[in-house]
Amino acid sequence: MAVILNKLSAAEVSQLAHKFGFKKGESIRLVSIKENQRVIRELSGKAKPSRIYNLLNQLSYETIIFYYACSQDKKVRKNIIYFMDKLSHLRLKIKGEDLKKAGLLPQNLYGKVLTELLEAKMDENIDGKDQELKLAAEIIDKLKRC
Amino acid sequence: MMKQALDSEVLVLVNPHRWRDEIILILKEQDTIKPLKRLSLVVPLSFIDKKIKLSLADFKLLKQVRNSLNFYNHKFFRHRKIDAWLVIWQLF
């Protein structure tokens, strides 16, 4: 990674992208590699699947592949493959509508509940709609107490 | 020709957008290393930015990037197709 760190900074990359007339999306992806190098450090340690997901899900695939290429650390590479293979397309079986049907309140917590539920699904062995609904009710209770 | 153009300082007249398109075309090549090596030998890449110089370590990294892209395309062919040139540009 030293090779990259020694070159352009995020601001310089941004200026360069502007000068060469890159599209906004391209520019964002180019800058993101400079701004997220701490991700590599975190991935080299022990991380829960939900942490790996949260670290990598915010990055473009271009950035992730670049990090994969730059890193010689087996743990980093393993975590990246695990994310691409298993976590990136993991979805909940329930939606806000299911929480509503089950009479779980308040509705303004649904976003937070579904996020926590997805993280729990990654870290624990939760499968099926019923288990997800049960855990959602527990999360709502916990959030209401906070 | 490129060297002559550089010596006569006409490259500054080239629109940066045109440069971008040309560089992207090079980076999209299946074998990026050869043309990029050749380009960096003939024309210093400082026309992109004065800090940019490709060293041997960069070319080694470029090879790793290429291998990783091939790995991605092979293993994750169902995922979104990625812009290979953008990954390589990140070397700069």
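Predicted model: local features only at pLDDT ≥ 70, side-chain atom pairs only at ≥ 80, totals over all residues.
Figure 1. Helix α1 (residues 2-5) of chain A has the lowest confidence in the chain, with a mean of 42. At the other end of the scale sits α5(A), where confidence is highest, at 96. For chain A as a whole, the mean pLDDT is 87, and 96% of the residues reach 70 or more.

**Figure 2. Helix α5 of chain A and its buried face.** Zooming in on α5 (residues 49-56) of chain A, the buried residues are I52(A), Y53(A), L55(A) and L56(A). Looking down the axis of α5(A), these buried residues fall within an arc of 165 degrees, so they line one face of the helix. As a rule, an α-helix has 3.6 residues a turn, so residues three or four places apart point the same way. What do the buried residues of α5(A) pack against? Their partners are α4 (38-43), α6 (61-70), α7 (74-87) and α9 (110-123), which also belong to chain A.

**Figure 3. The largest nonpolar core, with residues from both chains.** This core has 38 residues, and those with the most contacts inside it are L30(A), I65(A), F66(A) and V87(B). The top contributor is α6(A), with eight residues. In soluble globular proteins, nonpolar side chains tend to be buried together.

Figure 4. Set aside the neighbours within four places in sequence, and L30(A) is in contact with V13(A), A17(A) and F22(A) from chain A. From chain B, L30(A) touches L86(B), W89(B) and Q90(B). There is also a second, separate core of seven residues, including I94(A), L117(A), A136(A) and I139(A).

**Figure 5. The two domains of chain A.** Domain 1 of chain A covers 2-87, while domain 2 covers 96-145. How far apart are their centres? Taken over C-alpha atoms, 30 Å separate the two.

**Figure 6. Where chain B meets chain A.** Here 26 residues of chain B are in contact with 21 residues of chain A. On the chain B side, α2 (16-28), α4 (56-75) and α5 (84-89) each supply at least two of the touching residues. The largest share comes from α4(B), with eight residues. Sorted by class, the side of chain B that touches chain A has 15 nonpolar, five polar and six charged residues.

**Figure 7. Chain B on its own, with a look at Q64(B).** Chain B has five helices and zero strands, running α-α-α-α-α along the sequence. Of its 92 residues, 18% count as buried. Take the contacts in chain B between residues at least 6 apart in sequence: 56% of them join residues at least 24 apart. Q64(B) is found in helix α4 of chain B. Is Q64(B) buried, exposed or partly exposed? With 16 C-beta neighbours inside 10 Å, Q64(B) counts as partly exposed, because that number lies between the 12 or fewer of an exposed residue and the 20 or more of a buried one. F76(B) is 12 residues from Q64(B) along the chain, and their C-alpha atoms are separated by 17 Å.

Definitions and conventions. Residues numbered from 1 in each chain as written. Chains lettered and ligands numbered in written order. Contact = placed C-beta atoms within 7 Å. Helix = DSSP H or I, 4+ residues; strand = E, 2+ residues; numbered from the N terminus. Nonpolar A, V, L, I, M, F, W, Y, C, P; charged D, E, K, R; others polar. Arc of directions from axis to C-beta. Core = buried A, V, L, I, M, F, W, Y, C linked by C-beta atoms within 7 Å. Domains from an automatic or database assignment. pLDDT = per-residue confidence, 0-100.
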